[in-house]
Amino acid sequence: MMTNHGNRLTQGQFSYLPDLTDKQISAQIEYALSKNWALGVEYTDDPHPRNTYWEMYGNPMFDLKDASAILTEVNACRKTFPNHYIRVTAFDATQGVESVQMSYIVNRPKKEPGFGLTRQEIGGRQIQYTVHSYATDKPEGERY
Amino acid sequence: MSNSSIPGVRAETSVTSAAQTLDAPASALSQARSVGEVLAQSQVEEVLAELDRDLVGLAPVKNRIRDIAALLVIDKLRTNLGLVSESPSLHMNFVGNPGTGKTSVAMRMAQILHRLGYVRKGHLVAVTRDDLVGQYIGHTAPKTKEVLKKAMGGVLFIDEAYYLYRPENERDYGQEAIEILLQVMENQRDDLVVILAGYKDRMDTFFESNPGMSSRVAHHIDFPDYSVDELLQISQKMLEEQNYVFAPDVDTVFKRYLGLRVQQPHFANARSVRNALDRARLRQASRLFADRDRQLSADDLRTLTASDFAASRVFQQAGVHPDE
């Protein structure tokens, strides 16, 4: 039984939609800039849902006025990691919020093997379940 | 970063709302068919009129800016009718002595470019060598890129740009900054406009030794020095802004002062005028301060008298009596 037909990672915003075009990404960045959020570009090859801290590409970007600056960074990151997951995050530094407000994937590996369900039998015939990314069976850098 | 990567959380931003804010202002301009329509919709004329009104003198500069604006308006009309031409190279070079209004004009230029839709945001980022060039190996590239990113969508104004190139030190990191600049100036023309500024002779040598830079800068604008009469007009404007007036006899003394000051070294045009006025304010304050029991009227407090200028060092150095 397949519930995730395209075998596409669905994390963050817009992840059930087709991949965003550069124009759509710019529009989203523009929205974040209009709210004065700081943007960051992050990448990973371990997309487990609980892996919240991806690697940051370059520095977080404060004080920028235009989306093209961030799109330049996104493209540079795509060039360096063509087969990684890359996402754009928008961080709201307002006191009391101090949290990520937007997060969406802008680059995916060509082939996404997805996740397997692992069952572990423990005492008293109980079963523990966990998800496991097939990609992480291989060492870092060779996963996709 | 905690909850964001869990599927579906905080997905409240819709694609359409963000897209609308991006495209809205450009749409009316792309319908225009006549010069008048472009001017009316972009409100460029307001900026040009403001430029005329606020900046004294600088006739050749204003003419050049009008020419550039005309070119951009016609280009806009051409694109609207589908006559594709490569987007014009807008990088500029402002040369002139200090205090001739290069930064002020650059600010207006950013507005003009923004209103015509050649830069998306229209802000001006003013930097010097220190902001672009790093202290050690590997420091320059990220620093320059950071500044370039800040300037994207607007205008990057590099003051004293000739400092970027130091021929006497072949390991100088300035060259690295220049190379990154060149790359962005060429490949991301739509994203930012670079304006270089500096003294004429030193900028000329800078361009000679950096042919790549020279060929990418299309517009060279010369800022002439101000005449004494123009400097006087500038001082009047400055005083108006600060709520001061000249006493009736000051004009002649100040004119004589300017005549002498212009000949002295390190004369920085409008900036020197501002400093002269600041020093006159200082003398006026101590003059009024000395007279403790006097009731001071508003007129007393706003008027700069001839004596406030006559005490200047400039007269003493030149050996001239201020009243002669």
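These questions and answers cover a strand sheet in chain A and a helix in chain B of a predicted model.

Student: In what order do the four strands of the open sheet in chain A stand?
Tutor: Start with the pairs. E1(A), residues 38–44, pairs with E3(A), residues 85–92, over seven bridges. E1(A) also pairs with E2(A), residues 55–61, over four bridges, and E3(A) pairs with E4(A) over seven bridges. The pairing is antiparallel, and the order is E2-E1-E3-E4.

Student: Which strands stand at the edges of that sheet, each with a single partner strand?
Tutor: An edge strand has one side left without a neighbour in the sheet, because it has a single partner strand. Neighbouring strands here are turned by 20 degrees against each other on average, direction ignored. The edge strands are E2(A) and E4(A).

Student: Which residue in E4(A) is the bridge partner of Ile86(A)?
Tutor: E3(A) and E4(A) pair in the antiparallel sense. E4(A) covers 99–107. The partner of Ile86(A) is Asn107(A).

Student: Which residue in E2(A) is the bridge partner of Leu39(A)?
Tutor: E1(A) and E2(A) pair in the antiparallel sense. Leu39(A) has as its partner Met61(A).

Student: How far apart are the end C-alpha atoms of helix H8 of chain B?
Tutor: H8(B) has 14 residues, 174–187. At 1.5 Å a residue, the helix should span 20 Å. The end-to-end distance agrees, at 20 Å.

Student: What do the buried residues of H8(B) pack against?
Tutor: The buried residues are Glu176(B), Ala177(B), Ile178(B), Leu181(B), Val184(B) and Met185(B). They pack against elements of chain B: helix H6 (129–132), helix H7 (140–151), strand E4 (193–198) and helix H10 (211–216).

Technical notes: Residues are numbered from 1 along each chain as its sequence is written. Chains are lettered from A and ligands numbered from 1 in the order in which they are written. This is a predicted model: local features need pLDDT of at least 70, side-chain atom pairs count only at pLDDT 80 or more; totals for chains, interfaces and linings use all residues. Two strands pair if DSSP finds at least two bridges between them. Helices (H or I, at least four residues) and strands (E, at least two) are DSSP runs, numbered from the N terminus. Axes are lines fitted to C-alpha atoms, for helices over the stretch in contact, and angles run from 0 to 180 degrees between N-to-C directions. The expected span of a helix is 1.5 Å times one less than its number of residues. A residue is buried if 20 or more other C-beta atoms lie within 10 Å of its own, exposed if 12 or fewer, and partly exposed in between; C-beta atoms are placed from the backbone. Two residues are in contact if their C-beta atoms, placed from the backbone, lie within 7 Å.
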